[in-house]
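Visitor: I am new to this structure and would like a close look at one part of it. Please pick a place and walk me through it slowly.

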Amino acid sequence: MTDVQAALDAAGLTNPSVREYVEHWAGVTGAARVEVVGAADDARLIAESLEAGELLPAGEGRYYSRSYFKDTARAEQRTIVATSDEGDAGVYNNWRPAAEMKDKLIGLMTGASAGKTMYVIPYLMAPKGSKLENFAAGVQVTDNRNVVLQMIRMARVGVEYINDLGDSFVRAVHVTGDLENLGQGTPEDKRYFVTVADERTILHFGSSYGGNALLGKIAHGLRQGSYDGWKNGFLVEQFMLLGIVDKETGKRYNICGGFPSASGKTNLAMTLAPDALGDRYHVEFYGDDIAWLWVGDDGKLYGMNPENGVFGVAKDTNEKTNPTAVDSIEPGTGAIFTNVGYNTKTHEVWWEGKGPKPTDLDGWEDWKGDVIADRPADQADDAWAHPNSRFTTTLSNVPNMAADFEDPAGVEIHGVIFGGRTRDREPLIRAIHDVAEGVYDGLTLGAEATAAADGLEGVLRYDPMSMRPFMSYDEADYAAHWLEVFSRVTTKPIFAHVNWFQRGDDGRFLWPGYRENLRPLVWLMQYKNGEVSGVETPVGVIPARDELLLEGLGDQALADLDTVLTIDVDRWKQEMGYREKHLNQFAGLPEEIWEAHRRVAAALDAE
Ligand code: GTP
Ligand code: SPV
Ligand code: MN
């Protein structure tokens with residue numbers, strides 16, 4: 001072991017609490033050397049990774065990486081929230097005693113980085129000067145250089161973010177482990193992804209992928225953050241955050257909201273107005289995956305995106321669905337592509353839905369590194385990219401980034417939306433005035449079970465507020481916390497439920513989605529302002545057909561529009577039974593939530 005103190009001195013890392021923490025974990029993991037990194041180290045680390053073959057070139061200033069083939073997504077079953085209070089146990093947080101999990105992880109991590117460099121990544125999950133800064137600082141230690149490069153794109157990284165914060169930082173320890181011998185998905189699975197929430201310590205062992213390994217994003221930005229928010233009066237959610245500018249009136253509207261993973265947050269946050277509405281409306285990007293929300297002294301709800309980058313699903317990203325995403329991963333952006341198809345000769349990348357599939361197979365390999373031209377006939381049509389393949393790019397590359405994105409004051413929130421993948425029942429949009437009914441709607445959010453999962457037709461996999469995989473404490477307390485925070489909001493945002501995924505009998509999407517999704521959002525803000533009156537239904541207010549801005553919407557969408565603006569009362573009544581069962585899992589749920597449920601049920605019965 002080289003001299004840790006000397007490495008910290010050389011990097012100007014002066015915070016004594018951080019120094020002590022780094023020295024401790026360097027000792028446990030047995031790393032051969034310590035290196036403190038900041039954003040300015042990116043070019044050197046990229047060069048080292050290319051040299052080592054960990055990254056491959058993907059054109060001018062773009063890079064390609066593959067993760068181990070059994071390490072391609074978050075592992076929810078292996079993810080645990082630990083505290084010293086058994087009362088923190090919920091239905092979804094896989095609660096375990098802190099002492100037990102710390103012992104286990106220290107065991108797994110001891111000596112596990114032998115021979116490797118331990119990188120020290122000081123980071124801030126907030127703009128500098130934010131009133132939540134003390135909850136946003138962290139120091140990740142990792143033995144994986146690719147994780148460093150991803151973190152530099154996704155977070156604000158450097159010693160300047162933590163030197164003055166004393167002990168107010170999250171200790172985030174990441175050890176990759178021997179990926180080929182971890183028994184992923186078997187009864188002998190050795191992976192553990194633990195957030196010790198009441199000690200603000202994260203211990204992740206056994207992955208180098210995404211939210212398992214970039215600890216600022218999911219483990220800190222969502223799990224630790226939501227626990228801290230519960231104890232300190234703010235909200236932390238898996239929400240996107242966008243701004244709509246009405247160029248005619250100069251008014252600005254900010255909408256945040258949760259859709260379960262892989263249900264369209266990034267695409268919505270990065271969207272552009274449809275061409276026909278582009279003269280009037282401009283959409284600005286704030287965040288695509290996480291929002292921290294708090295109540296200002298003026299009684300307004302404020303929000304900010306704690307991240308500094310996008311880790312977006314590659315599949316179906318193209319010039320038509322998401323032109324801003326395409327711009328933000330252009331040559332020169334420093335983007336990293338993970339687990340897409342790759343051409344070893346031309347250095348091009350390809351994924352399903354990027355554009356026409358290359359017909360000349362020369363040089364092409366799939367996400368596992370298998371040569372496409374050599375595939376056996378029965379595998380010829382297999383996907384080139386993994387379905388959870390992603391691009392990583394920093395926010396400064398996003399062309400419609402909001403100008404005030406770095407403002408530590410955050411932005412006022414005018415609307416909170418929830419949306420899942422639902423093939424029937426859920427209309428395009430329904431507005432909800434009442435706070436308890438809005439929170440109730442969030443708690444009963446879900447995405448449909450796919451054929452691959454438990455597959456009960458029409459039954460949702462409920463995903464409260466899209467936080468199911470990130471829930472850090474008891475769900476009844478979570479509901480009560482939402483109601484408490486909103487009880488302090490005097491200028492209330494409006495709630496709404498949206499659905500871009502209703503399907504016809506032939507399986508087609510009844511709503512074209514993507515950029516067209518701005519239309520129902522503009523309606524929501526007009527409705528909030530009293531400019532349109534909508535149609536009352538038992539489950540909220542839906543747009544009257546002629547209230548939606550329909551200019552430029554295609555013929556098929558116009559033909560299907562009445563269906564997506566209809567409430568199927570019988571299907572809804574059936575859903576209420578499922579909801580009751582779902583909510584009954586959460587002992588001690590606030591009575592206001594049950595009242596909202598009974599109100600909606602009674603309104604449906606009266607139809
Ligand atoms: P996470 O990063 O996992 O939290 O996902 P996300 O919620 O940000 O989802 P994302 O925007 O990456 O979308 C996931 C998939 O849904 C992509 O393949 C998109 O192309 C697709 N998708 C997004 N918006 C729409 C839409 O409006 N209509 C349809 N049909 N598909 C969509
Ligand atoms: C999600 O799965 O919701 C993500 C990707 O945003 S990951 O960072 O891997 O969790
Ligand atoms: Mn996400």
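Guide: Let me start with the words for the pieces: helices (DSSP runs of H or I, at least four residues) and strands (runs of E, at least two) are numbered from the N terminus. What you see is a predicted model, in which local features need pLDDT of at least 70 and side-chain atom pairs count only at pLDDT 80 or more, while totals for chains, interfaces and linings use all residues. Residues are numbered from 1 along each chain as its sequence is written, chains are lettered from A and ligands numbered from 1 in the order in which they are written, and side-chain values use heavy atoms, with hydrogens and water left out.

The manganese ion, ligand 3, has Gln238 (OE1) and Asp289 (OD) as its protein donors, at 2.1 to 2.2 Å. These two residues are 51 residues apart and link distant parts of the chain: Gln238 sits in the loop between strand 12 (235–237) and strand 13 (240–246), and Asp289 in the loop between strand 15 (281–287) and strand 16 (291–295). Donors here are N, O and S atoms within 2.8 Å of the metal (3.2 Å for Na, K and Ca); water is not among the atoms, so the site may look incomplete.

Next comes ligand 1. A residue is near a molecule if one of its heavy atoms lies within 4 Å of it. There are 21 residues around ligand 1, and those that come nearest are Lys265, Thr266, Asn267, Arg390 and Tyr514. Helix 9 (265–269) gives the largest share of this shell, three residues. Sorted by class, the shell has seven nonpolar, eight polar and six charged residues. In this sorting Ala, Val, Leu, Ile, Met, Phe, Trp, Tyr, Cys and Pro are nonpolar, Asp, Glu, Lys and Arg are charged, and the others, Gly among them, are polar.

Around it are Arg74, Gly210, Gly211, Lys217, Ile218, Gln238, Ser261, Asp289, Phe311, Arg390 and Phe470. This shell divides into three nonpolar, four polar and four charged residues. An N or O atom in the side chain of Arg74 is 2.6 Å from an oxygen atom of ligand 2. For Gln238, a polar side-chain atom lies 2.8 Å from an oxygen atom of ligand 2, and for Asp289 a side-chain N or O atom is 3.0 Å from one. The protein covers 94% of the 280 Å² of accessible area that ligand 2 has on its own. Two elements, helix 7 (210–213) and helix 8 (216–232), each give two or more residues to this shell.

To finish, let us look at two loop residues. Ala262 belongs to the loop between strand 14 (252–258) and helix 9. Its phi is near 60 degrees, a positive value in a residue other than glycine. Ala262 counts as partly exposed because its relative accessibility is 49%. Met465, in the loop between strand 28 (460–462) and helix 12 (475–487), likewise has a positive phi, near 55 degrees. Met465 counts as buried, at 0% relative accessibility.

So, if you keep one picture in mind, let it be Gln238 and Asp289: they are the protein donors of the manganese ion, and both are also among the residues around ligand 2.

Conventions. Buried means under 20% relative accessible area, exposed over 50%, partly exposed in between (1.4 Å probe, protein chains only). A polar contact is a pair of N or O atoms within 3.5 Å; within protein, one must be able to donate a hydrogen and the other to accept it, and residues adjacent in sequence count only if both atoms are side-chain atoms. Accessible areas come from the Shrake-Rupley method with a 1.4 Å probe; for residues, only the protein chains shown count as cover.
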